[in-house]
Amino acid sequence: VTNGDNNGAMNLVLREAGGYWRWAEMEESGILAMASLLEEPVAHASPERLPFSTGAFDRVVVIDVHEHLSSVARLNQEIARVLAADGVAVVTTPNGAGWLPVAVLKRLCGMHPQQYGHVVQGYTAAELERMLRQVDLTPERRGAYSRFFTELAEFAINFGYVKILARRKKGPSVPAGTIAPGSAAQLRAVERTYRMYAMIYPFVRAFASLDALVPGRGGYAVAVAARKAR
């Protein structure tokens, strides 16, 4: 289950891990592009109702959805409903710790949570665990990813697209909350720049790999895995 900012690439990674998957996207405008890339149907979901039967899945992966919602209670109930007995839900969000250096930098540069389409900055792992317990899912593991260098690289890319590139190029306007091209038309409008980015991508990846030098186990995104009772 996703909520924008995903053209289907993350789904491909999950599919390559094996198993039989179904896909759901909260933003209807992104479904066509996702379905085209995946060559599979993508259902339109809402926080109030995931379009799947009760107990349908052994795994439910919810990628960066909660921070887009003013109320998450109903979505959490739906996650628990579609999960089979002894199944595991994996929920990710940006880290809600606003004091992290790149989070502060984003706000100073005008890249507030609303610029990303977020209602809140995110949630901590402890907050995710509490909300999952409220729907009778038992947290088993927590983790974090996207550490300082990866987050800084992502911020630079998002800032360049939202504040500079998308404003200069002719073509489809960039909807609020869009931090990267979300359609073929938007991608065509910045095609030359994206080709240049493809050339420097190895250097961006090398910069992000410096995350390995950061001490501790924290990150700018968090994930919690919680299990439903048998």
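How many salt bridges does the count come to by the rule used here? The count comes to 8 salt bridges, a salt bridge being a side-chain nitrogen of Lys or Arg within 4 Å of a carboxyl oxygen of Asp or Glu. The model is a predicted one, in which local features need pLDDT of at least 70 and side-chain atom pairs count only at pLDDT 80 or more, while totals for chains, interfaces and linings use all residues. Residues are numbered from 1 along each chain as its sequence is written, and side-chain values use heavy atoms, with hydrogens and water left out.

Glu78 pairs with Arg74, and their closest N and O atoms are 3.5 Å apart. Both residues belong to helix 3 (residues 73–82) and are 4 residues apart, about one turn of the helix; helices (H or I, at least four residues) and strands (E, at least two) are DSSP runs, numbered from the N terminus. As for exposure, buried means under 20% relative accessible area, exposed over 50%, and partly exposed in between (1.4 Å probe, protein chains only). On that scale Glu78 is buried, at a relative accessible area of 1%, whereas Arg74 is partly exposed at 37%. Ser71 is found in the loop between strand 3 (57–63) and helix 3, and at 49% relative accessibility Ser71 is partly exposed. The C-alpha atom of Ser71 is 8.8 Å from that of Pro47, although the two residues are 24 apart along the chain.

Next comes Asp86. A salt bridge joins the side chains of Asp86 and Arg227 (3.4 Å, N to O). This pair links distant parts of the chain, with Asp86 in strand 4 (residues 83–94) and Arg227 in strand 6, 141 residues apart. Asp86 is partly exposed at 24% relative accessibility, and Arg227 is partly exposed at 24%. Asp86 also forms a salt bridge with Arg230, where the closest N and O atoms are 3.6 Å apart. Because Asp86 lies in strand 4 and Arg230 in the segment after strand 6, the pair ties together parts that are 144 residues apart in sequence. Arg230 itself is exposed, at 81% relative accessibility. A network of salt bridges links Asp86, Glu140, Arg227 and Arg230.

Strand 6 also pairs with other strands, where pairing means that DSSP finds at least two bridges between the two strands. Strand 4 and strand 6 run antiparallel and are joined by 7 bridges, with Val90 opposite Ala225 in strand 6. Strand 5 (residues 137–145) pairs with strand 6 in the antiparallel sense too, over 8 bridges, and here Leu137 stands opposite Lys228 in strand 6. Strand 6 is mostly covered, with 6 of its 8 residues buried.

That leaves Asp211, in the loop between helix 8 (191–208) and strand 6 (221–228). Asp211 is buried but has no salt bridge, and the nearest side chain of opposite charge, Arg147, is 6.0 Å away. For charge, Lys and Arg count as positive and Asp and Glu as negative, while His and the chain ends are not counted. The side chain of Asp211 does make a polar contact with the side chain of Thr150, at 2.6 Å. A polar contact is a pair of N or O atoms within 3.5 Å; within protein, one must be able to donate a hydrogen and the other to accept it, and residues adjacent in sequence count only if both atoms are side-chain atoms. Leaving aside neighbours within four places in sequence, Asp211 is in contact (heavy atoms within 4.5 Å) with Ser146, Arg147, Phe148, Phe149 and Thr150.
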